[in-house]
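Here are my notes on this model, point by point. Have it open beside you as you read.

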Amino acid sequence: MICYDGIFFDELTRLPYDRYFVRQAQELIRNQLKRPVMISLDISNFKYFNRMYGYREGDRLISRMVECFCHNNADCVLAYRIYVDHIIMLIEAEGLPEKVFKAKYSDMLSRFSEKTNMEFPLARIRLYLGAYYVEDRDEDIGIIIDKSQYARRSIKANYLTYIAIFRADMEKKAVDEAKIIPMFYSALENDRIEVYIQPKFSIDDERLIGGEALSRIMDNDGNIIPPGMYIDILERTNLISKLDGCVIRKLIAIQKKWMDEGRPLTTISLNLSRVDLLEQGFVDSIHQAIVESGVPSGYFEFELTETVFCENITEITKQIDFLKEKGYKISMDDFGSGYNSLYMLGKIPVDIIKFDRGFVLNSLHGETGRTIMKNLIHTFTEVDFEIICEGIENREEESIVYSCGCNAVQGYLHDKPLPYYIFADKYLLATNDD
C-alpha cells in the first residue's frame, strides 16, 4: 500500500482503493463525464496461470493488464482493483458509439490475450469485459458497478466473444443466479442432489447398452429443479465441479450397491467439465474412489463437450490420457452443436462420438443432410469411433439414423431419465435372490 496526498493506492497496480474510486466515480458521472461507461474486466484461468508459472509472473500479468487498459488507455478516467485479477474502470465514451466501442475493446482484449498466450502457452488466459452505458447519472454507484459485472458474467464461459454490453435481461439472470447458488449449496449440504439415469439402446435388438447419469436438485420443499435452471449458472460461477463430484461419487456408490446385489452392471456415462479437468487432484480422486469401490473401470464412461478443449488443451488432454490408461471410455458429447468438432477430433483421444439432437434433426430433413451424416458415421467407424445419436424421439428418426449406419440411440423414444432405483428395477434385474 502506498499513499500520495492522503489517497491510498494498491502498490502492484498503482490504482486507488475502493473508497476513493466510489466517491470520485459518483462525482465524475454526475457532473463531468459526457458519456460515462463502467467496465468490469477479468482474467479467466488466472488461478491456473499462477499454478503453472508462479505468483510473481501472475503479478506481472496483472500489472501489464492494468498498464494496457488503465494507465495507457486515454479513455480510462478512473479504475481500481476489486479482486486479485478483476478491475473496475470508468471511461469517457464520448465519440465511441457502441459499435465502435465494441470493436476497439474487442481488438485490445484479443491482442492482449494472444500475446500473453504466446509467451505463456501452458496456461491460456482470456480477458472478459462487461460494459454498462450509464443512462441515469443519479443511479447509485454500486448498482452501476453491478450492472457492468452482470454483463461480464453473461459471457464468462463464452469462447466466441470477449465483450458484452449490459442489457436488462442480464440483471434478471443475475437475480436468478443469486437464488440458485444458495439453493444449490443447501441441496449439497443436505443430500438433496438426486441421480437420474437415461438409458441407451441398440436399435437392431432394442437391447440396453448403457445409460447416462444426470443430476436433479430438490429444493427445500421437495420440488425437483430441472437442470436447465441451474447447470449454466453453476458453469458460469465455476461451481460445476462441486455438482459433478457429487454426482460421480453417488454413482460410484450406486454401482457398488448394484454389484453387491448381483445385478448385471451396465456402463454409465458422466459429464466432466473443463473446471473438473483443470482442478488439481479432481480426476485422480475420482479414479481412486472407483478403485476403492471395487467396480471395474469399464462400467464408467466420461462425457466431454468440445468447449472443454477451447483452452489448456495440453493439460486437459493429459488428464484424459490418464483416464483412458485406467480403462475408462471417453466420449465427445453434443457433436455438431459447435464449430470446431471435426478439428478437435484430430487432437483429443476420445472413443465415442455422441451426435447432438439438433445436428441429427438438421441432417434428417433432406437427402444432402442424410448423405453428410452417413458419410461422417462411415468415416468415424472406419477409425474405430463408436457412434450414438442423442434425442431420438420417434421411430422415423430412429429408422433414418439406423439407415445412416448408427445402431446406438438415446432419447424419449425408448425412455426418459429415471431415478436410479427405478432404472435398476426396470433394466437391471438381479441374478441372485440373496
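1. Cysteines first. The disulfide count is zero, taking a disulfide as a pair of cysteine sulfur atoms within 2.5 Å. A quick word on the basis: this is a predicted model, where local features need pLDDT of at least 70 and side-chain atom pairs count only at pLDDT 80 or more, while totals for chains, interfaces and linings use all residues. Residues are numbered from 1 along each chain as its sequence is written, and side-chain values use heavy atoms, with hydrogens and water left out.

2. On to helix α14, residues 367-382. Helices (H or I, at least four residues) and strands (E, at least two) are DSSP runs, numbered from the N terminus.

3. Which residues of α14 are buried? They are Gly369, Met373, Leu376, Ile377 and Phe380. These cover an arc of only 95° around the axis, so they sit on the same side of α14; the arc is that of the directions from the helix axis to the C-beta atoms. Glu367, Thr368 and Glu382 are exposed on the other side of α14. After α14 comes Asp384, with a positive phi near 70°.

4. Now the five-stranded sheet. It is open, with mixed pairing and the order β4-β5-β3-β6-β7. The edges are β4 (76-83) and β7 (163-165); each has a single partner strand, so one side of each lacks a neighbour in the sheet. From one strand to the next the twist averages 20°. Two strands count as paired if DSSP finds at least two bridges between them.

5. At the β4 end, β4 and β5 (residues 86-92) run antiparallel and are joined by six bridges. Within that pairing, Tyr83 stands opposite His86 of β5. Helix α4 (residues 98-119) packs on the sheet and touches β3 (36-44), β5, β6 (126-133) and β7, its direction making about 160° with that of β6. Contact means heavy atoms within 4.5 Å; axes are lines fitted to C-alpha atoms, for helices over the stretch in contact, and angles run from 0 to 180 degrees between N-to-C directions.

6. Is β12 (residues 300-305) largely enclosed or open? Five of its six residues are buried, so β12 is largely enclosed by the rest of the structure. It runs parallel to β11 (residues 268-271), with four bridges joining the two, and Leu270 stands opposite Phe302. With β13 (residues 329-335), β12 also pairs in the parallel sense, over five bridges; there, Glu303 has Ser331 as its bridge partner.

7. Last, a loop residue. Leu15 lies in the loop between β2 (7-9) and α1 (18-31), and is buried at 4% relative accessible area. Its C-alpha atom is separated by 44 Å from that of Ile248, 233 residues apart along the chain.

Definitions and conventions. Buried < 20%, exposed > 50% of the residue type's maximum accessible area, 1.4 Å probe, protein only.
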